[in-house]
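Work through the exercises below with the sequence and the structure at hand.

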Amino acid sequence: MHTFGDVTKSADGSRELSHPEVLRNVLAEAQMADRSGVDVYGVGEHHRPDYAISAPDVVLAAIGASTERIKLISAVTVLSSDDPVRVYQRFATIDGLTGGRAEVSLGRGSFIESYPLFGYDLGDYEKLFEEKVDLFVKLRSEGKVSWNGETRAALKGQEIFPKTEHQNGLPTWIAVGGTPASVVRAARHGVGLELAIIGGAPHRFAPFVDLYKRALVEFGHATSPETADFRVSSHSHGFVADTDELAKDIFYPSWAETMAQLGRERGWGNGYPSRDQFEQEITHGALYVGSPETVAEKIVKTKHQLGISRFGLKYGNGSLAHEHMMRAIELYGTKVKPLVLERLQG
């Protein structure tokens with residue numbers, strides 16, 4: 001399960017919560033995920049007023065100290081506006097403190113606020129990510145690293161600390177939004193592929209999974225597409241409640257509000273998406289909203305369509321209240337997960 005720490009409203013809708021309140025709620029949500037049997041908890045990075053989390057590694061460290069078994073991942077770390085050495089050090093530290101539970105997902109982010117905030121030129125958008133991923137992957141060897149580029153100081157036979165106990169370095173994914181070049185980049189570097197499927201039918205991404213597996217062979221990371229065992233995950237928005245109608249009724253207002261805001265910012269339009277549009281995205285698109293049985297069925301369908309090894313649900317959305325999210329997390333871990341595993345094994 002993933003969260004961006006969306007700024008929410010109180011249970012009665014009367015006020016907007018402060019950033020500190022949201023952060024404390026995220027910690028409680030992660031603890032619920034751990035208790036409920038969820039396998040992985042992901043925390044995103046944003047630098048804007050409608051999200052409370054700008055330092056996912058700090059939040060994950062707090063979660064790691066108060067949970068027992070759940071894996072901890074960024075969702076995502078905006079590597080383009082950060083330093084690869086510091087990112088590796090921070091997540092290696094979390095990994096050591098939690099007994100090997102840390103992972104990192106690297107991306108360029110769906111918003112651009114971090115670039116001017118940290119003094120980066122958007123004209124260097126591609127170069128920043130390509131160079132920094134290249135360095136980060138070299139750091140995974142956890143030996144002496146030499147590297148030259150234009151986006152940070154060179155390294156000359158330097159070691160990075162702390163080391164992890166992983167044989168192949170910190171578990172790493174590259175998050176992509178659906179461009180072939182990004183898929184090939186993940187394969188070239190030999191790391192996991194995380195597909196951000198936030199709109200439209202998930203099966204449209206099947207060619208990207210096929211491209212990733214073929215590219216793994218081309219770059220010498222696998223002997224054939226059929227035997228390529230690198231991980232592919234998908235990440236989509238959704239919500240779980242006791243019944244389909246309850247899930248839709250609770251989730252629709254905050255989803256519509258968020259989509260309308262994004263539409264205004266990105267020039268899609270000023271109107272709220274209709275309830276019918278919402279229903280269509282649940283039925284035919286990338287919204288996983290409904291009862292445990294409905295959500296489990298859709299996850300299994302996506303597994304068969306894409307061949308993914310992990311599915312991540314972004315369970316919060318806009319002003320959706322913490323109390324609703326806590327119930328969704330509990331149902332996801334105690335009901336959805338067992339149903340998915342049962343149907344896949346059957």
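The structure, a predicted model, holds 2 cavities of 30 Å³ or more.

**Exercise 1.** Describe the largest cavity by its volume, its lining and the element that gives the largest share of that lining.

Solution. 
- Step 1. Rolling a probe the size of a water molecule over the atoms shows where empty space is left.
- Step 2. The largest cavity has about 70 Å³ of space.
- Step 3. Its lining consists of Thr3, Gly5, Asp6, Thr8, Val22, Asn25, Val26, Glu29, Gly316, Asn317 and Met325.
- Step 4. By class, the lining of the largest cavity has 3 nonpolar, 6 polar and 2 charged residues.
- Step 5. H1 gives the largest share of this lining, 4 residues.

**Exercise 2.** Do the like for the second largest cavity: find its volume and its lining.

Solution. 
- Step 1. The space in the second largest cavity is about 40 Å³.
- Step 2. Around the second largest cavity lie His2, Val40, Ile73, Trp173, Glu194, Ser233 and Arg310.
- Step 3. These lining residues divide into 3 nonpolar, 2 polar and 2 charged.

**Exercise 3.** Where is the kink in H11 centred, and is Gln345 buried or exposed?

Solution. 
- Step 1. H11 covers residues 322-345, 24 residues, and reaches 33 Å from its first C-alpha to its last, close to the 34 Å expected.
- Step 2. The kink in H11 is about 40° and is centred on Tyr332.
- Step 3. Tyr332 is among the buried residues of H11, as are Met325 and Gly333. Covering the buried residues of H11 are, among others, H1, strand E10 (232-240), helix H10 (292-306) and strand E12 (310-314).
- Step 4. Gln345 is also found in H11. The cut-off for exposed is over 50%; Gln345 has a relative accessible area of 69%, so Gln345 is exposed.
- Step 5. Gln345 and Ile174 are 171 residues apart along the chain, and their C-alpha atoms are separated by 28 Å.

**Exercise 4.** Which element gives the largest share of the lining of the second largest pocket?

Solution. 
- Step 1. The volume of the second largest pocket is about 430 Å³.
- Step 2. Its lining has 20 residues, and Asp39, Ser309, Arg310, Phe311 and Tyr332 lie nearest its centre.
- Step 3. H10, E12 and H11 are the elements that give two or more residues to this lining.
- Step 4. H11 gives the largest share, 7 residues.
- Step 5. The lining of this pocket divides into 11 nonpolar, 5 polar and 4 charged residues.

Technical notes
Residues numbered from 1 in each chain as written. Predicted model: local features only at pLDDT ≥ 70, side-chain atom pairs only at ≥ 80, totals over all residues. Heavy atoms only, no water. Expected span 1.5 Å × (residues − 1). Bend = angle between axes of the 7 residues up to and from the residue. Buried < 20%, exposed > 50% of the residue type's maximum accessible area, 1.4 Å probe, protein only. Contact = heavy atoms within 4.5 Å. 1 Å grid on protein atoms, 1.4 Å probe; cavity = no way out; pocket = protein on both sides within 12 Å on 5 of 7 lines; lining within 4 Å. Points joined across faces, edges and corners; volume = space filled by probe spheres on them. Nonpolar A, V, L, I, M, F, W, Y, C, P; charged D, E, K, R; others polar.
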